[in-house]
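I opened the notebook to look up pockets. My interest today is what lines them.

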Amino acid sequence: MERADAARNRRAILRAAEELLASHDLAEVSMDRVAAAAGVGKGTVFHRFGNREGLMRALVESRVEELSEAVAAGPPPLGPGAPPSERLAAFFDALVELATRNVKVMAAFEQASPDRLSSPIYVSWHAHVSGLIASAAPSLDADLVAHLLLGSLHSDLMLRFLKTGETVRLREGLRSMVATLLR
């Protein structure tokens, strides 16, 4: 169980990092700056998160927790009980929505994470997507197709669509791609 002061510091650090990211580029969001904005010592930030990548990962994890719960036990079509193709479309809809609400945080995580393919978030999403693909279209290389679909979300083009408000177009394009693949 996390001590009350440690939990308070964690929340303050995450809030400070998010506020700094809202008005600064990632390169300008140093651990020193986050510590000062959170009202804690620099050592507290490093002890808690290790480095900037760890801090960005914690920010993203706080955002994806709700999505992970919905995928595991929420109502269909995102949760169990719907056909794999519907769950896959709902999952990508939810990812686009998540990215839309958290553009700066997600972009900062991408920049700070040199090997995002081994992050627990990506590994979990890949397992989910490849499992749904394997169920819906056993003839496909589910592992590769899952990487390709998820990889399409990690691009400058995706970021441009989000920043210019073209989320509906992005969502519809992903839905069309998923439907075509699973036919």
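**Pocket linings**

I began with the second largest pocket, whose lining residues divide into 7 nonpolar, 3 polar and 1 charged. I count Ala, Val, Leu, Ile, Met, Phe, Trp, Tyr, Cys and Pro as nonpolar, Asp, Glu, Lys and Arg as charged, and the others, Gly among them, as polar.

I note that this is a predicted model, where local features need pLDDT of at least 70, side-chain atom pairs count only at pLDDT 80 or more, and totals for chains, interfaces and linings use all residues. Residues are numbered from 1 along each chain as its sequence is written, and side-chain values use heavy atoms, with hydrogens and water left out.

I looked up the space in the second largest pocket: about 160 Å³. A pocket here is an open set of points on a 1 Å grid over the protein atoms alone, where a 1.4 Å probe fits, with protein on both sides within 12 Å along at least five of seven lines; lining residues have an atom within 4 Å of a point. Grid points are joined across faces, edges and corners, and the volume is the space filled by probe spheres set on the points.

I listed its lining, including Phe161, Arg169 and Met177. α9 and α10 (167–182) each give two or more residues. The largest share, 5 residues, comes from α10. Helices are DSSP runs (H or I, at least four residues), numbered from the N terminus.

I then turned to the largest pocket, with about 560 Å³ of space. Of its 29 lining residues, Val103, Met106, Ala107, Glu110 and Leu159 are the closest to the centre. α6 gives the largest share of that lining, 8 residues. By class I found 18 nonpolar, 5 polar and 6 charged residues there.
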